[in-house]
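Subject: Structure for you to look over

Dear colleague,

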Amino acid sequence: MSTETPRRTRFRFGAGKATRSRAVAGLTALLLPLAAMVGLASPAEAATSATATYLKKSDWGSGFEGQWTVKNTGTTSLSSWTIEWDFPSGTAVGSAWDATVTSSGTHWTAKNLGWNGTVAPGASISFGFNGTGSGAPAGCKLNGASCDGGSVPGDNAPSAPGTPTASAITDTSAKLSWSAATDDHGIKNYDVLRDGAVVATVTGTTYTNSGLTAGTDYSYTVQARDTADQTGPVSGAVKVHTTGGGGTDPGPGGDKINLGYFTDWGVYGRNYHVKNLDTSGSAAKITHINYAFGNVQGGKCTIGDSYADYDMAYTADKSVDGVADTWDQPLRGSFNQLRKLKAKYPHIKVLWSFGGWTWSGGFGQAAQNPAAFAQSCYDLVEDPRWADVFDGIDIDWEYPNACGLTCDTSGPAALKNITSALRTKFGSSNLVTAAITADGSEGGKIDLADYAGAAQSLNWYNVMTYDFFGAWAAKGPTAPHSPLTSYSGIPQAGFNSADAIAKLKAKGVPASKLLLGIGFYGRGWTGVTQAAPGGTATGAAPGTYEAGIEDYKVLKNSCPATGTIAGTAYAYCGTNWWSYDTPATIKSKMAWANGQGLGGAFFWEFSGDTANGELVSAMDSGLS
């Protein structure tokens, strides 16, 4: 093979655990502050207000000790108190002290005893109980008023803060940031809730939650508290998936994933081999490799190119360790070279990617029997000849229930069914990921499949935020193929990275399970007379392997960037117009990805980079 295979074009026309709450042992507390107004006194008296606060004082696995505290924050005495709350099914009160506790189903009521009903202004009284289960109380009422936002006369409760964003996610921590709430008398502080339970109260609009479990999903909301200690409505939720645990730990390079595609056909005309990852310095800066592509035929995973994959003999000068293959060794080709690369760089994990633009049409039949498909993939990936090479599987189904190179009518649940079957078969110790469309347009490809449902079975999505525009529209208008954001004059609304990521988040895909895509190549037109984007053209610009497309390593010298738009670069030279990412725009995109709380980034593909891996370096430094 001396020319580029059409599988190089991966996307066109718009890019194509249950959550649990962990009890804290010993005296570490999960606080659920609950503020309340306890009605109005007679007209001649000042209003009496109080707060009720729940504390899980200890947890021994099979049970826990809970405590409620009533504090009089008003100016007149309380003569009695009654607290009501709901526990989820499976959580219950056993023995109690200093209060009479009764229940009706999952609804619990605690009343004062004869000696502790009176609570003077500024004083507090507590009662405790032994409980079973792990749930937190909800729907609390104190003396019939809401414990969660009762109003002080003449003082409105605060507004909801902005939905938090997550960043700096590690195995054990995550940083949360949110926009401030408003209040007519001022904000006092914010309660940060994890999985519905308050884990911190802070005065600012950021909080780093530490002590988390690796590879675990969490959900965070924020609630504002005003100067009268009234709480407002809870913000929208952000989901966080910590790294590590189950194979998501990216190794020593940091807490973000930096993944690159290595193509089997690159070993031919491109003369690009696994050793190039080492000599370019890229291997030390990446965390994962997707080996592309295996085929999908007859409802099964099949070999893509057997010669390149495991038969091609390597001479010493092209081998990772400088040792030539022999004619009788059991494994050769790129698989054996990947094995050698992993021995040299133990932090790297390798996934075998199946599908791609050309071979996505095979997933329709696979969706008819997901379990059989998953079994075939497992048998191939875990073949004893190369099982140690691969750490999991990636599926590049680029247009489920939509049209791409062909049209698929498998239905919106097909992707979820396949990913669920793959996770069941491959288990929690293997990575299972998917490359997906970035079509964020209204009614576009993201709207046609259950990406949130499928995400439950996946470690992450590679969101193909490139190839939005290109010379398949021969006359233009010229437009960047990988815009980070929208811009005035963009040919198609929703065809940009920010809109795609926002739509996936809105559908319920955790930000930490989304990787931003970067193209190590440009797309271009010829016959262009306008330097700025939006010009007309006569056709595709000449390319080394395919018209309208060229590697960054070529374009940086043949047609250097002359401007930027929407977070990416463009270049005008002669009558040719190109768009591509540079080290500078990649670093900006990585900063954006970090700010969005994304799990990291990936790129297509290694051979488009320079011999010293300058684009991989830009991604690595930007994600760190």
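Predicted model: local features only at pLDDT ≥ 70, side-chain atom pairs only at ≥ 80, totals over all residues.

Residues are numbered from 1 along each chain as its sequence is written, and side-chain values use heavy atoms, with hydrogens and water left out.

Asp-439 is found in the loop between strand 23 (431–436) and helix 8 (451–455); helices (H or I, at least four residues) and strands (E, at least two) are DSSP runs, numbered from the N terminus. Asp-439 is buried yet has no salt bridge, and the nearest side chain of opposite charge, that of Lys-445, is 4.2 Å away. Here buried means under 20% relative accessible area, with a 1.4 Å probe and protein chains only, a salt bridge needs a side-chain nitrogen of Lys or Arg within 4 Å of a carboxyl oxygen of Asp or Glu, and Lys and Arg count as positive and Asp and Glu as negative, with His and the chain ends not counted. The side chain of Asp-439 does make a polar contact of 2.6 Å with the side chain of Ser-441, and it also reaches the backbone nitrogen of Lys-445 at 3.0 Å. A polar contact is a pair of N or O atoms within 3.5 Å; within protein, one must be able to donate a hydrogen and the other to accept it, and residues adjacent in sequence count only if both atoms are side-chain atoms.

Turning to the sheets, 4 strands form an open one in the order 14-13-16-17, with antiparallel pairing, where two strands pair if DSSP finds at least two bridges between them. Strand 14 (197–202) and strand 17 (238–241) each have a single partner strand, so one side of each is left without a neighbour in the sheet. Strand 16 (residues 217–226) is joined to strand 17 by 4 bridges, and Asp-217 stands opposite His-241 in strand 17.

Another open sheet, also antiparallel, has 3 strands in the order 11-12-15. Its edges are strand 11 (165–167) and strand 15 (206–209). Between strand 11 and strand 12 (residues 174–177) there are 3 bridges, and Ser-167 has Lys-175 in strand 12 as its bridge partner.

Lastly, residues buried in helix 11 (residues 583–595) include Ile-586, Met-590 and Trp-592. Gly-597, whose phi is positive, near 75°, follows helix 11.

Definitions and conventions
Buried < 20%, exposed > 50% of the residue type's maximum accessible area, 1.4 Å probe, protein only. Expected span 1.5 Å × (residues − 1).
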